[in-house]
Amino acid sequence: MQPKIMMKKKSISASKASLVLFLCQMISALDVPLDLSQPPTITQQSPKDYIVDPRENIVIQCEAKGKPPPSFSWTRNGTHFDIDKDAQVTMKPNSGTLVINIMNGGKAEAYEGVYQCTARNERGAAISNNIVIRPSRSPLWTKEKLEPNQVREGDSLVLHCRPPVGLPPPIIFWMDNAFQRLPQSERVSQGLNGDLYFSNVQPEDTREDYICYARFNHTQTIQQKQPISVKVFSMDSLNDTIAANLSDTDIYGARPVTERQPVLLTPTGSTSTKVELRGNVLLLECIAAGLPTPVIRWIKEGGELPANRTFFENFKKTLKITDVSEADSGNYKCIARNTLGSAHHVISVTVKAAPYWITAPRNLVLSPGEDGTLICRANGNPKPSISWLANGVPIAIAPEDPSRKVDGDTIIFSQVQERSSAVYQCNASNEYGYLLANAFVNVLAEPPRILTPANKLYQVIADSPALLDCAYFGSPKPEIEWFKGVKGSILRGSEYIFHDNGTLEIPVAQKDSTGAYTCVARNKLGKIQNEVQLEIKDPTVIIKQPEYKVIQRYGQVSFECIIKHDSTLLPTVIWLKDNDELPDDERFLVGKDNLTIMNVTDKDDGTYTCIVNTTLDSVSASAVLTVVARPNPPFDLELTGQLERSVELSWIPGDENNSPITNFVIEYEDGLHEPGVWHYQTEVPGTQTTVQLKLSPYVNYSFRVIAVNEIGRSQPSEPSEQYLTKSANPDENPSNVQGIGSEPDNLVITWESLKGFQSNGPGLQYKVSWRQKDVDDEWTSVIVANVSKYIVSGTPTFVPYEIKVQALNDLGYAPEPSEVIGHSGEDLPMVAPGNVQVHVINSTLAKVHWDPVPLKTVRGHLQGYKVYYWKVQSLSRRSRRHVEKKILTFRGNKTFGMLPGLEPYSTYKLNVRVANGKGEGPASPDKVFRTPEGVPSSPSFLKITNPTLDSLTLEWGSPTHPNGVLTSYILKFQPINNTHELGPLVEIRIPANESSLILKNLNYSTRYKFYFNAQTSVGSGNQITEEAVTIMDEAMASRQVDIATQGWFIGLMCAVALLILILLIVCFIRRNKGGKYPVKEKEDAHADPEIQPMKEDDGTFGEYSDAEDHKPLKKGSRTPSDRTVKKEDSDDSLVDYGEGVNGQFNEDGSFIGQYSGKKEKEPAEGNESSEAPSPVNAMNSFV
């Protein structure tokens, strides 16, 4: 779907605005200011043909201006109308408008006639049109006796309305007694004369309340004709009714409803004529009788019907051409056609014309001694005659004026004087109407005057035309000149346009066009000037327009409308929907630069327009909102072409809801076998609305249709009518036929039963047949009810059978079924596999071999071989435990297999059995085999106790799984310094029967890491690790306690804490300023204990658990991520220290690690014991 985005921009259009302003100001330039003497001018009058409501007062308008103010008089039917003598008639003060009082006793009919108003002053007299006053009429229908219309089916009929003649003519329509309009169609329609035409009648046209109504709009009344009765007889009922009165040879006896070729009911004959006036609407009508109902077509002989002005109404029975002209004259042919033939009628149209202006006379202002002309030119068909009047009197009998000369449609004035002032009337008339125009000649001598206000400000959008007004008056006519600025030169050149009414036009105004402009008007009697100001503004632009949107029903959508405008202009933004106001709905939210619609519904679909208005310009942008949803369900399902095995289904699609329907899904229900259950039948493309459906016999079908589009599936349609197909033999046999025995002496035959609609008829049964394969036996058959299983007893064990199952019903059998092979029941295998051999590959894997059993001893389908094996004894422990047998199954006819996951240094037993669908056969004799030694598991524990200055005691447990005979234990250990660097590694071999060891000659106050594992003759097992520390000197320990309790030490610690707090405040201030804080001096003064060698008197001790870490530490493996900060890696930024362990903050915000004592150690990998902090350590970090 293509996006639909529209944008419009409006400003003062160069063509339209200049033309309108030019014409308006040209007229105003000819208007004499009312403070100057001038003849009368008619400014307002009633229409020529004035139909009045007889119940209300009659107001006949006549307004005029002039200097001095004019007086008014009236004529009625060509004679003077003396208002003073009629008490019902008054004239409004300072006006010529008449008010005839009807509501207080006057009768409108008494004042019918032709009225004309004259406005007169000392300089002349102006007259109005002839105003024809007629009261409206809405007469009642004359009473008449209407006979019932009895008509044969298929004949034509015309019900005449014949409304009373009213003024103006009434509007005709037909309704019934319930005031409901009677439906009209190509067959039944109302003619232009109000009659109701039936091209052919049908039985449903029978009714007794055909009522013609006439509505008289002027009096707001409706008149009703008496009801007309119509009774339509079908041919059968008509024959029954008149059979007693007609002979056997009468026409009705043998005549059915016959088709008839078209005959025109109106107009009659083959030709007719029509006269229409120029500018009116031409209506031509053709209504035809016939069966089938004729179709009407229109052509213009020798030409084309005018484009854009031609319309067809009343089911193409009426041709309508608007705004006709002489070029529309010609012959128009209507052709009525049905399957039996055609009829035509030619209407000869002549377009006449009431008079219309070519050049209407215009007021003439002359100064004494000047010349001028009045021109009155009109056209019409026939050509109108031109006559002149002076001050309301035919010019031939008017007072002579030596300066005046009449030349047909022109009056020429020469050397006029003040006495030449007068009002002249031009009358152009033909048989279809007349035109009357007043034009005065006003002789004045006046210096120039400028009517445009001084210093008037004009504001114009850049790149638009600027029109600066200089309305003027003077006699003789002044000359106009324009200047820019106070001392600017006269404006000339192609960039300016100077209009006769004084307007200066700048076709494309730019920013530099801003400024003051001076208009100078001069004639021989004087000179005057006026200054106006011009400002150029930036245009309003929509920089972000609303965009085309597709939204699902109940969603939310927003349109943007972001604008840029001149800062001195105040824009207003209006949103429209389909060129009308937004609905009064709280779902529509109008923001500063957007429109949001919540919970979108189908009625929100349409075009949304953002209009931005300023005082100078207007811009708009539109976008289309398309609301999409799942389609509405199809309707009007119809079954046609019903056959035994097929039917045609058709439907009408529901509304696609702006998302094209891609396909239709057809479902069916079997009301006979599965009522209420719908099944998929087929689907067709979304462009298809009919489908041929294949059917099964003996099914009571109902169908429904589901429409699908990109949004989803519609609700299902209403079900179609039901269609029960006839019964027939089954078309198919059961599927999935199998023969499998459940016991050694039977054969169970199973199949999938046919579904209800597959039975094709009542009495569904199955014929089950079987015979042993490869044996020359006859088929054994049995007929069973509608089941899905039959058991054959007394069969040999596991022999093949040929099986077939055939469906049948009350009408016969299905086609011959195909055969399947089944087997009777299985029994347990008879023999065990022989020659079982075991080959041990390694301490955990062995391979077993066996000989297959003869297939005839399997007595069933060979499933495979099962190996049972279990551990009898562990050779390293000499202890028995619960025997757990394991089973490995090897599918098919395999003769070997692998046994994984064995335990080293153990004794195993196994046997092999063959398996079929019934079970397992006997086991082979048990086979014994042993697995060799393997490497042991890790020692069960390693514990370090009794630390002294130079020794540690190690205790351990033997491996949980020795996997052989232990030969020894291997102990490795090495010291760890304060930087977590490892010292030289020492290895000791320990006899296998030992469980403890005292290590002597160790360094005091030193951490050691130990690695311990067991060995067999195969190799070493996994190791465990542990760490421990020898203790410090006892005297140092005592002194440590003494120092920690001294007051001076406590005071020192408080001073250090205060210093740290001050230092932290300074650091944060410097950090907030973006600078870096140098810590080099601090590091020199307070060396980090983490990067200094541990002093001999700094030793601490503790016991470590073997939680998780069993890996030896390598030299250099301790990095800053191991919660140390190396001095050579430090930077001068406080932020960098904050990333290491020693650069962290406590919960109270104090900085610890870099300026504090040694922090409690955390295990790097979760495997080291914690070490308690010591007051001595804290002290050593600051000395």
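Biologist: What pattern do the disulfides of the protein chain follow, with bonded cysteines counted along the chain?

Modeller: This is a predicted model, and the structure holds six disulfides. Counting the bonded cysteines along the chain, the pattern is 1-2, 3-4, 5-6, 7-8, 9-10, 11-12.

Biologist: How far apart are the sulfur atoms of Cys 161 and Cys 212?

Modeller: A pair of cysteine sulfur atoms within 2.5 Å is taken as a disulfide. Cys 161 and Cys 212 form one, and their sulfur atoms are apart by 1.9 Å.

Biologist: Is the disulfide of Cys 161 and Cys 212 left-handed or right-handed?

Modeller: The torsion about the S-S bond decides this for Cys 161 and Cys 212. That torsion is about -70 degrees, so the disulfide is left-handed.

Biologist: How many residues apart in sequence are the parts that the pair Cys 161 and Cys 212 ties together?

Modeller: Cys 161 sits in the loop between strand S14 (157–159) and strand S15 (171–175). Cys 212 belongs to strand S18 (residues 207–216). The pair therefore ties together parts whose separation in sequence is 51 residues.

Biologist: Are Cys 161 and Cys 212 buried or exposed?

Modeller: Buried means under 20% relative accessible area. Cys 161 falls in that class, and Cys 212 does too: both are buried.

Biologist: What is the torsion about the S-S bond of Cys 286 and Cys 334?

Modeller: Cys 286 is joined to Cys 334 by a disulfide, S to S 1.8 Å. The link of Cys 286 and Cys 334 is left-handed, and its S-S torsion is -70 degrees.

Biologist: Which strand holds Cys 334?

Modeller: The pair links distant parts of the chain, 48 residues apart. Cys 286 is in the loop between strand S23 (282–285) and strand S24 (287–291), while Cys 334 is in strand S28.

Biologist: Where does Cys 426 lie?

Modeller: Cys 376 and Cys 426 form a disulfide with sulfur atoms 1.6 Å apart, and the link is left-handed at -65 degrees about the S-S bond. Cys 376 is in the loop between strand S31 (372–375) and strand S32 (377–381). Its partner, 50 residues apart, lies in strand S37 (residues 422–430).

Biologist: What is the relative accessibility of Cys 426?

Modeller: The cut-off for buried is under 20% relative accessible area. Cys 376 is buried, with a relative accessible area of 0%. Cys 426 also counts as buried, because its relative accessibility is 0%.

Biologist: Why does Cys 1067 count as buried?

Modeller: A residue is buried under 20% relative accessible area. Cys 1067 counts as buried because its relative accessibility is 3%.

Technical notes:
Residues numbered from 1 in each chain as written. Predicted model: local features only at pLDDT ≥ 70, side-chain atom pairs only at ≥ 80, totals over all residues. Heavy atoms only, no water. Helix = DSSP H or I, 4+ residues; strand = E, 2+ residues; numbered from the N terminus. Buried < 20%, exposed > 50% of the residue type's maximum accessible area, 1.4 Å probe, protein only.
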